[in-house]
Amino acid sequence: MPYPYVLLSAAVSLDGYLDDTGPERLLLSSPADFDRVDEVRASVDAILVGAGTIRADNPRLLVNSPERRAARVAAGQPEYPLKVTVSGSGDLDPDAHFWHTGGEKLVFTTDKGAERARALGIAADLVPLGPDLDWRRLLEHLHEVRGVRRLMVEGGGTIHTQLLQQGLADELQLVLAPVFVGDPDAPRLFGPGAYQPGRLRLTETRRIEDVVLMRYEPTAPGTGPLPTAADHHWLALACDLAAECPPSRTAFSVGAVIVAADGTELARGHSREGDDPVVHAEEAALAKLDPADPRLATATVYSSLEPCAHRASRPKPCARLILDAGVRRVVTAWREPDTFVAGADGSGLLAGRGVEVVVLEEYAGRAKAPNEHLLG
C-alpha cells in the first residue's frame, strides 16, 4: 500500500540533544527558523507528534502565518493541517493545547488505549490499530482514509528513531543549533537500535541566522518484502530513466538501477542505451559492473518493468542475467504485458529461484508512460 511522504523535522544541540532537563523547553531554533518550520507546516497535509511530546512540551502545532493559512484555504485545503498523535496507552491530557487549537485531530492507539482515551473524553477521532502500534498500518490509514500525501513528524526522539529504523522516513530536516547541553539525562534525537545501513544523502544545507538546516534522504534499500522509503526513491529514478530511452515500436522503454546494500548506486541503464539498439535496461546496467563484485550478492535491482523471462535478441533474458549476477532482491513497478511475449513472467522466474521480488504498483503509471504507444 502507498504511504504518505514522511518528513522528519527536528532541532538539536551541537552534542545531539533535543532539550535539556530544565522545567522550560529549550528553544534551539532561531526566529527565522521558526518561520521556516511554519512554512513547512503550511505545505503538508498532517503533522504528527508523539504523546510524550504533548506531555513534555504542550505544543499547539499551528500554522501561525495568516497569509499561509489563507493560501491553504484558497487552494481548497483546510486552514490547518490534520494534527495526529500516537499513544499506545491512551494516557492523554484532555486539557492539552493540542486538542483545543487548530483543525481536526486524530489519535492512533491500541485497542486498550482507545478505551482509556474515550473514558478521558479526548476531543479527537480515535483509530485503534489492534493490540500493538503498527507504523505501516498507521501510514496506510493516513494515506488511504484521510488522504494525507505529505506528513510532517515533529517528534519526539522515539518516534523519529522508529520511523528511521523501519525505513519509513523519506526525508530528515535537521537543524543544528550552536548550543551544548552536556546532560546525559537529557533527551536525544535518536536512540540506540538497528538502523538502516549506509550513509544518508545530503540534499541541502542552509544557514538560517545562527543555526544550520541540513536535509537528508535515506538511501539504503530494504532487505525483504516490505519496501522502504529508499526503495521508492530508487524505483522512481528507474522510471525516470525509462523516459530517456530512444523510442521504439518493437520493444518497451525500461530503466534500471542497481544499488548496494549501503545505498551506493552501483550502475544504471536504460533500453537501447548507447549504440546497442536491442540492449535491455538491466542488461545495460549489469554490463557496467565486474561480475565478481561482492556487493552484487546483497544489492537490489530496480527496474521500471519486471525483468524479461524470454527474449529473441540475446541468448539470456534479463531475469537470468540477474540470477547469474547473484542478486537476491528486485523491485519493480509493472508486470510485463503480453504485447510481445505471451505469459511473460520474469518475476515468477526470479521468485522461483529464491529472489525477493517487490512490486510497487503505485509506480506503474510512471513506468507505462513512455510505453503508451505500445499498449493500445
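This is a predicted model: local features need pLDDT of at least 70, side-chain atom pairs count only at pLDDT 80 or more; totals for chains, interfaces and linings use all residues.
Is Asn58 buried, exposed or partly exposed?

Residues are numbered from 1 along each chain as its sequence is written, and side-chain values use heavy atoms, with hydrogens and water left out.

Back to the opening question. Asn58 is partly exposed, because its relative accessible area is 29%, and our scale calls a residue buried under 20%, exposed over 50% and partly exposed in between, using a 1.4 Å probe on protein chains only. Asn58 lies in the loop between helix 2 (51-57) and helix 3 (66-74). Helices here are DSSP runs of H or I with at least four residues, strands are runs of E with at least two, and both are numbered from the N terminus. The phi of Asn58 is near 50°, a positive value in a residue other than glycine. Leu61 is found in that loop between helix 2 and helix 3 too, and its phi is near 55°, also positive without being a glycine. Leu61 counts as buried because its relative accessible area is 6%.

Now the overall picture. The chain has 13 helices and 14 strands, and its C-alpha trace spans about 70 × 40 × 40 Å along the principal axes. Of the 376 residues, 50% are buried. A contact means heavy atoms within 4.5 Å, and among contacts with a separation of 6 or more, 69% come from residues 24 or more positions apart.

Let's go inside. In soluble globular proteins, nonpolar side chains tend to be buried together. By a nonpolar core I mean a set of buried Ala, Val, Leu, Ile, Met, Phe, Trp, Tyr and Cys residues joined through side-chain atoms within 4.5 Å. The largest one here has 30 residues, and Leu48, Leu138, Leu142 and Leu151 have the most contacts inside it. Elements giving two or more residues to this core include strand 1, strand 2 (46-50), helix 6 (135-144) and helix 7 (157-165). Apart from it lies another core, of 24 residues, with Leu235, Leu237, Leu241 and Val331 among them.

What happens on both faces of strand 2? They are covered: Ala46, Leu48 and Gly50 on one side, and Ile47 and Val49 on the other, are all buried. For pairing, DSSP has to find at least two bridges between two strands. Strand 2 and strand 3 pair in the parallel sense over five bridges, with Ala46 opposite Leu82. Strand 2 also pairs with strand 6, again parallel, over three bridges, and there the partner of Ala46 is Leu151. As for Leu48, its contacts beyond four places in sequence include Val84, Leu138, Gly155 and Ile159.

A cis peptide bond joins Gly155 and Gly156, with omega about 0°, and Gly156 sits in the loop between strand 6 and helix 7. The buried residues of helix 7 are Gly157, Ile159, His160, Thr161, Leu163 and Leu164. They are covered by elements including strand 1, strand 2, helix 6 and strand 6. Just after helix 7, Gly167 takes a positive phi of about 70°.

Strand 12 (residues 300-303) and strand 13 pair in the parallel sense over three bridges, and Val301 stands opposite Val330.

One pocket before I stop. On a 1 Å grid over the protein atoms alone, a pocket is an open set of points where a 1.4 Å probe fits, with protein on both sides within 12 Å along at least five of seven lines, and lining residues have an atom within 4 Å of a point. The second largest pocket has a volume of about 450 Å³. Of the 24 residues that line this pocket, the closest to its centre are Thr250, Ala251, Phe252, His280 and Ser313.

Finally, Glu24 lies in the loop between strand 1 (5-12) and helix 1 (31-43). Glu24 is exposed, because its relative accessible area is 63%.

Terms used: Grid points are joined across faces, edges and corners, and a volume is the space filled by probe spheres set on the points.
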